[in-house]
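Student: Could we go through this structure together? I would like to know what to look at.

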Amino acid sequence: MMLTLLFVALGGAIGAALRFGFGLAVLRVLGPTEFPLAIIGVNVVGSLLMGFFVVMAAHKGLTHLSPFVMTGLVGGFTTFSAFSLETVTLMERGQIATAGFYVLASVGLSILGLMLGLWLARGVIA
């Protein structure tokens with residue numbers, strides 16, 4: 001149990017560092033934007049990775065890595081707490097339509113990302 005907890009913590013640290021780096025990369029490439037592109041990006045990419053991992057782990061007997069990969073790495077990389085904060089911030093600025101679009105785009109694209117990850121992984125295995 002303690003070893004599993006350490007793997008989750010290690011994965012979470014790596015995931016959070018990757019999220020920070022992703023945010024910096026988006027800022028450097030696109031410059032400052034009012035729309036939270038980095039957060040929506042990590043949530044979509046993280047969902048894709050989770051979908052891919054679920055299939056690969058099940059087919060390759062790697063489900064023992066789930067605490068490290070899914071809870072730690074992907075959980076630390078994606079961030080719906082930041083998503084919630086960005087949504088409320090947009091709403092408080094009076095940008096209700098933008099906030100609504102952000103919510104729909106984040107959820108919809110993240111689900112599509114997960115589905116794409118499942119599809120890609122199933123294609124790799126077949």
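**Contacts, a salt bridge and a surface patch**

Tutor: Let us begin with A16, which is in contact with G76 and F77 once its neighbours within four places in sequence are left aside. Please keep in mind that this is a predicted model.

Student: Where is A16 found?

Tutor: A16 is found in helix 1.

Student: And how far apart are A16 and G72 in space, C-alpha to C-alpha?

Tutor: They are 9.1 Å apart in space, C-alpha to C-alpha, while in sequence 56 residues separate A16 from G72.

Student: New topic. How many salt bridges does the structure hold?

Tutor: It holds one salt bridge. The side chains of R93 and E34 form it, at 4.0 Å from N to O.

Student: Which parts of the chain does that pair link?

Tutor: The pair links distant parts, 59 residues apart: R93 is in the loop between helix 4 (80-92) and helix 5 (96-125), and E34 is in the loop between helix 1 and helix 2 (37-60).

Student: Are R93 and E34 buried or exposed?

Tutor: Both R93 and E34 are exposed.

Student: What about the nonpolar surface patch, which residues make it?

Tutor: M2, L3, L5, L6, F7, L10, I14 and L18 make a patch of about 800 Å². One of these residues, F7, lies in helix 1, which covers residues 2-30.

Student: Why does F7 count as partly exposed?

Tutor: F7 counts as partly exposed because its relative accessibility is 41%.

Notes: Residues are numbered from 1 along each chain as its sequence is written. This is a predicted model: local features need pLDDT of at least 70, side-chain atom pairs count only at pLDDT 80 or more; totals for chains, interfaces and linings use all residues. Side-chain values use heavy atoms; hydrogens and water are left out. Patches are made of residues with over 30% relative accessible area and no salt bridge: like charges are joined within 9 Å, nonpolar side chains (Val, Leu, Ile, Met, Phe, Trp, Tyr) within 5 Å. Accessible areas come from the Shrake-Rupley method with a 1.4 Å probe; for residues, only the protein chains shown count as cover. Helices (H or I, at least four residues) and strands (E, at least two) are DSSP runs, numbered from the N terminus. Buried means under 20% relative accessible area, exposed over 50%, partly exposed in between (1.4 Å probe, protein chains only). Contact means heavy atoms within 4.5 Å.
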